[in-house]
Amino acid sequence: MNISINKENYENLTIFEEILKKDASEMINEALELYFEEQQKKLLEKNLADENAMTNLSYDEFWDDVEL
């Protein structure tokens, strides 16, 4: 796997390595975990919104063919 990091992120990574006394790999893995959690949350919310959009009926539409 070949990963490239832009200059600004690389500089921040080296600065925070010193400040936090953490290895760059550890910080990258932590950042990726947060990123993937956020993306999963967005996908779940989108899927829920899509599902609700398909099943949202008005009161009249829902009760239209119901006979009591």
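Author: Helices (H or I, at least four residues) are DSSP runs, numbered from the N terminus, and the expected span of a helix is 1.5 Å times one less than its number of residues. This is a predicted model, in which local features need pLDDT of at least 70, side-chain atom pairs count only at pLDDT 80 or more, and totals for chains, interfaces and linings use all residues. Residues are numbered from 1 along each chain as its sequence is written, and side-chain values use heavy atoms, with hydrogens and water left out.

Reader: What span does H1 reach from its first C-alpha to its last?

Author: H1 has 14 residues. At 1.5 Å a residue the expected value is 20 Å, and the helix comes close to it. Its reach from first C-alpha to last is 20 Å.

Reader: Which residue takes a positive phi just after H1?

Author: The phi in question is about 55°. The residue with this positive value, just after H1, is Lys 21.

Reader: Which residue forms a salt bridge with Lys 22?

Author: A salt bridge is a side-chain nitrogen of Lys or Arg within 4 Å of a carboxyl oxygen of Asp or Glu, and the count by this rule is one. Here the closest N and O atoms are 3.0 Å apart. The partner of Lys 22 is Glu 30.

Reader: Is Lys 22 buried, partly exposed or exposed?

Author: Buried means under 20% relative accessible area, exposed over 50%, and partly exposed in between (1.4 Å probe, protein chains only). Lys 22 has 26% relative accessibility, so this residue counts as partly exposed.

Notes. Helices (H or I, at least four residues) and strands (E, at least two) are DSSP runs, numbered from the N terminus.
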